[in-house]
Protein chains: 2
Amino acid sequence: MKYGYYDNDNREYVITRPDTPTPWLNYLGDGGFSGIISNTAGGLVFDRDPGNFRITRYNFNRIPYDRPGRYLYFKDMGSGAVWSPTWQPVQAELDSYSCRHGMGYTRISSEKDGIQSEITYFIPEGKQYEIWKGTVKNTSATVKNLKLFSYVEFSCYIAKYDIECDWPRYFFDCRRKGNAIIFNPSDDFIREKRLLSYIATDLPIEGHDCARIEFLGTCRDESNPIAVERGVCGNSDINGDNACGSFCCPVSLAPGEEKSFVFTIGNACDEEEIKEQVASASDYPLVHEQLEELKAAWRKNSRYLQVKTPDEQMNTMLNIWHPYQCRMTFNWSRFISFYERGLDRGWGYRDSMQDVLGVVHSAPDKVKERLRTLMGIQKSDGNARTLYFPGTGESMGGGRSDDHIWTVFSVCTYVKETGDYGFLEELIPFIDGGEGTVLQHLKLGLEFTKHHLGEHGVPLFLGSDWNDSLSKISWDKHKAESAFVFFQAAHAAYELIHLFEHLKDTENTQWAKQYYEWCRSVEPVLWDGKWYLRGFTDYGEKYGTDDDEYNKIFLNPQSWAVLSRLPSAEKGNSCFENVKQYLFCDLGVVSHAPASSGIDFQKKYFFGMKTGIRENGGLFFHASTWAIIAETLLGRNEDAYSLYHRELPTVRNDRADVCKVEPYIYSSSMVGPSHERYGSGECSWLSGTASWMFLAASQYILGFRPDYDGVIIDPCVPLEWDGFSYTRIYRGISCTVQSPKLPVENARAKKIIVDGETLDSNFLPYDTIRGKQSVEIVVVY
Amino acid sequence: MKYGYYDNDNREYVITRPDTPTPWLNYLGDGGFSGIISNTAGGLVFDRDPGNFRITRYNFNRIPYDRPGRYLYFKDMGSGAVWSPTWQPVQAELDSYSCRHGMGYTRISSEKDGIQSEITYFIPEGKQYEIWKGTVKNTSATVKNLKLFSYVEFSCYIAKYDIECDWPRYFFDCRRKGNAIIFNPSDDFIREKRLLSYIATDLPIEGHDCARIEFLGTCRDESNPIAVERGVCGNSDINGDNACGSFCCPVSLAPGEEKSFVFTIGNACDEEEIKEQVASASDYPLVHEQLEELKAAWRKNSRYLQVKTPDEQMNTMLNIWHPYQCRMTFNWSRFISFYERGLDRGWGYRDSMQDVLGVVHSAPDKVKERLRTLMGIQKSDGNARTLYFPGTGESMGGGRSDDHIWTVFSVCTYVKETGDYGFLEELIPFIDGGEGTVLQHLKLGLEFTKHHLGEHGVPLFLGSDWNDSLSKISWDKHKAESAFVFFQAAHAAYELIHLFEHLKDTENTQWAKQYYEWCRSVEPVLWDGKWYLRGFTDYGEKYGTDDDEYNKIFLNPQSWAVLSRLPSAEKGNSCFENVKQYLFCDLGVVSHAPASSGIDFQKKYFFGMKTGIRENGGLFFHASTWAIIAETLLGRNEDAYSLYHRELPTVRNDRADVCKVEPYIYSSSMVGPSHERYGSGECSWLSGTASWMFLAASQYILGFRPDYDGVIIDPCVPLEWDGFSYTRIYRGISCTVQSPKLPVENARAKKIIVDGETLDSNFLPYDTIRGKQSVEIVVVY
């Protein structure tokens, strides 16, 4: 069952009914003043950091869900009818409804009883306010006297206090000043120069309510406010209680007449700044211009890769939604979504380190800044802290086995994309004192891993490796070992050999080669005969072995082994033949199988999460991306593409009732075939899937893979494709790649023709194209 | 406007309409398996500790409020009508409704469309389950085919995870086994032997739902579940998602027919134990007996003081509700109510130390145990940690200036009440190692205070004194000084002199006298000419002085000065004349005046809370109690009683629409006259008001004041009273005190007649009544 369709011309997804199985969200803003908005206008607004600067409230995982939001109520004073033009929260049946989630904006249109309305929500670039730009039109033959009511619920900026304590409301001040309702959560304990929040409108105002209880009424909720029922607000102010922002605005419309209006939510240092913001937000030509600028900025963001393949769903994702999700994930790490509650997560070190991979081609400056920040919470022993809070600069945690290794891929990918070798010598402090060059940070991370080995010589699992939900494996003796981390470190060493060789740094090349040789010496201990183990348990037992009934084979060790280039082609193919046999399913690939249920140290059952869910036998898409890359490295074109295609969000548009989550972006996972809810998506929007899947698709399937001194052109596509092309902007040069249909299955590029000149290999040297505006590349198989 | 009345014969408060201005709550259970329940069946269930062992969910301060709860839906399959017999969550209009909050139980009765129902909610003493004992009766002339649906929403036991994180639901398991729906939140991370929760019923079961989304439906909430609308459940189980407990039970009733049923919510170690519990809970005679036992236990709890005064409202409070509130406050400190969210507060050291005062006469063994536990988190330097968590035994915090001093009053009051002198020599460990006798704990607390003095020789404010909301006063230089702590310490020293003299402990008596003499030497520095200062700010400036325009006079320093007996009668009366002038209002007494608004160190404005709210100029009842006691010590009978009477919860029954909170228990505060919401109650149920107001009423107004070797009989009542009497159980002896009308205003007892024998003073020596069952005491003025 469908709930909407892709309008690719307008770069929008159009939701055609309001009762989606879960709220289908969009993000507004680009990391500064920002918000999330659902297809029925639920969601919240915050500034930079939803934990410390949350402006409006949102109730996560509570019933009724997706409440509150940016609400409007229409009351027809003639008939007495009340509805919300966004369906929620009144849920009155509408004569028509559509929600268009676009790039950085959402537009909800509806009609009821001869009243048509359209409201566009967006945050102009670099501004501290969100605009609801609306029109309301009388399509009937009689005069319509309406009243419009707004409703938002203000939050204590420090969301944790607001959720866990009763007292913050005693500090709230909220009152109307002219056409703005101004909220002050108290400067008694909130350190914020933009202390004032507000909602304002350019409509004529008949009354207002700042008191939540006065607007809603006793024993009522957002679906049936007493003020709307009465048709008048109570003009209440707040002086130490729960606060809302409600205006009552009379609007009279002659037959056919249309009126425009604006509501604004923002934050500011003082009332003067509020006035300026509200004036700007009510300047219709300016607002129009800002919305066009916003669209243009997002168009530019996806211009770095535009593809034309025979796979229309792939095109839709790569040309529109995938880069958008990459950017939002880069902005918010795992901090705030419908599932992540914007409290304690901030930016995860390993999360954000991987998120940069998805925007390194489109926003290299932001990536460089993020790399600096993250490496700044690495310790001088090489290990990194786990979390960083962008609003306050605080960090916490540490002691995981994988965090510090991710830095290698991120830094190498950044340098390959940009050629910014100077960055490698930049000094970056350690969180516990002292400083080191970027290169030193990378090496210290790998050294840390080599200094924390278990009894089989494999890196210790420590507090956690990539899979937190497996952490129980090391809770008893702290001796568990991780094949994931081992192959991750080997792959990192492989990357560094390549980097140091390119830098002609003999000493470091030798260091990296020695490291890799050590890895080569350890590899056999992890070979289970047909695939690689997941590691060893706290008691030294093999884990992820054919000997066991459950948890026999894990996906990640196979993928990362291939990425590390340690295994022979034979071993690699054996791994993936077994992945295909044990882990593939019609919707993608599961994390491991057969998944066990419950904790039992004797039986080597270490997952408390239910079987088939997330990292316990679910389709965990982040892990799928490495499998796809591994398949391309093994020359298994068909399997690589088939897996990629099966997991495209677009392919589940027709069964959204089962998948439940948004079909225009990747969710973090999908419930696996061992579970009765097979196919149900979980935790959409913020996921490491975004960046790595973008790499898998662009660098490994379409095969545009920047390297230090040029680009490897190495598509890995299926035989069924009748050729394809794409344009990739690389170091400012527009590179158009064209490929014919493959001559045979699994064919790979042998040569390329660049602007008509045939090269000897599939490597495009940067020196040959430097300074050009564009180049045309044809792939020869 | 009224919402109910007191049914004193049944020891119940009867709520006659469901839409009370706030949810009016009752507590079920007595500190073990427990719950809170509102007048429309909202609330939650937990075991011992609502932070670590929360069983059902409850949404604090979120809209719709007071959701979810222990819900039932009735569907008349003939007419299709749907309603909740407790009004919420459906809110369908009922033909009749009443909620009777009794002692440890709540009964909600209603009728609609010829269906009468009555449901009694209670937790049998010492049991791990809550019972909903119901009847449903057909009062119409036709057969009624009903379906009853239940609904509770299960919580991850660790409430913080449940509220802050999305992942706990991935661990949930919930499925029906016979007549029970069993919920397992996962033993992966929850340390609890009673890991299984359940809901069960003895009704015939047609279907069930364990999946919240299946029962409620997409975009629906508790008010309109899809399952109820359809009239059938979906038989869903839960294997990693939000879980609920819903049964669908068909009930057919002939005209006039009545059926009984039971629902049970509990927790248990295994399914066997669940079966046993459910069997007991469905044993109707046993359930009836348990309810009667429960009522008897609560009757016994208030038998320790039964009063007959001309003030009927005072009688209602002291004979029924006030001791009940004292016990619930003792059980829950400030941990869980409609306002306290059961997360981070546990038992506060100072809170619980004071809570024991309200139950020391009725539950001395529990008090002794609590005193041990609390002194066990005192450090060897005398300072106490701030919080203790009963579920886990963990403690945290410390560094406040008042915590450790409260111990003196609690221990002295316990020993005076019980004569248990042995307790004083009991060894109790310090949280940081070592141990000391109870007496050493007390002395170390006072020594700590004397070792932390500011530049005026007055104790430092430190992290906080009693008034946390004034803590800003010491945030800059940490040099602020507290008159509150000074007089509190002086009062404690005064108490200890008395104790040590009684113990004939010369050395310690000398120590206490020296301490008190030091206090005497410091007292003048705090005298402002007409009253006592509140202390000195961080910059050494006087605070709470007539020199200032705002925050001139604070209530607490005046009360505690009088309690300390340091001031002359002249000074004491001057203080309270000014209290009367500046702080009295028609509803009681405010914390200080004129209250300032906002933080301004220059102007000595240190309150961020809104003016008129709580400790910033509100009626903070905890502080009122000490004023009442001080007035009695000053011989100001009329003012003492008048203040006491004005603040009785019962006096606000007629204006419950303004007061909003429950009129049968004290709220922590009421909004003060400087605020537009003057008279609105805040934070009801858990408050230091309970215990101290009980002392003020029983020991100081009615004047039954146990001392080390007997009882001081010293009523302080108004001239208007035509005499009064009460019975107080003291060390097992039933003491009946009778008093005639006062001969003149402010008269105080000169002598007492004990069983016909006139004594020389108003002191009743314990030796003269030891071994008696009862004594009759007549007061002579």
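This is a predicted model: local features need pLDDT of at least 70, side-chain atom pairs count only at pLDDT 80 or more; totals for chains, interfaces and linings use all residues.
1. Helix α10 (residues 438-450) of chain B packs on helix α11 (residues 483-503) of chain B at about 145 degrees, and their axes lie 11 Å apart. Axes are lines fitted to C-alpha atoms, for helices over the stretch in contact; angles run from 0 to 180 degrees between N-to-C directions. Helices are DSSP runs (H or I, at least four residues), strands likewise (E, at least two), numbered from the N terminus.

2. The crossing of α10(B) and α11(B) is left-handed, that is, the near helix is turned anticlockwise from the far one by less than a right angle. From α10(B), the contact (heavy atoms within 4.5 Å) uses L439(B), L442(B), K443(B), L446(B) and T449(B). Residues on the α11(B) side include V485(B), A489(B), L496(B) and F500(B). By class, the contact has eleven nonpolar residues, one polar and one charged. Ala, Val, Leu, Ile, Met, Phe, Trp, Tyr, Cys and Pro count as nonpolar; Asp, Glu, Lys and Arg as charged; the others, Gly among them, as polar.

3. Now the chain interface. Chains A and B each give 59 residues to the contact. They bury about 5,100 Å² between them, 46% of it on carbon and sulfur atoms. Buried area is the accessible area (1.4 Å probe) that two parts lose on being put together, summed over both. R62(A), I63(A) and Y170(A) supply 15% of what chain A buries against chain B, more than any other three residues.

4. Twelve salt bridges link chain A and chain B. The rule is a side-chain nitrogen of Lys or Arg within 4 Å of a carboxyl oxygen of Asp or Glu. One of them pairs D188(B) with K472(A), the closest N and O atoms being 2.8 Å apart. The side of chain A that touches chain B has 21 nonpolar, 13 polar and 25 charged residues.

5. Check two cis peptide bonds. One joins R67(A) and P68(A), with omega about -20 degrees; P68(A) sits in the loop between β5 (43-47) and β6 (71-76) of chain A. Another joins A593(B) and P594(B), omega again about -20 degrees. P594(B) lies in the loop between β32 (592-593) and β33 (598-600) of chain B.

6. D755(A) has a positive phi, near 50 degrees, and is not glycine. The residue is in the loop between β42 (751-754) and β43 (757-758) of chain A. Most residues other than glycine have a negative phi, and most peptide bonds are trans.

7. Conventions. Residues are numbered from 1 along each chain as its sequence is written, and chains are lettered from A in the order in which they are written. Local features need pLDDT of at least 70, side-chain atom pairs count only at pLDDT 80 or more, totals for chains, interfaces and linings use all residues, and side-chain values use heavy atoms, without hydrogens or water.
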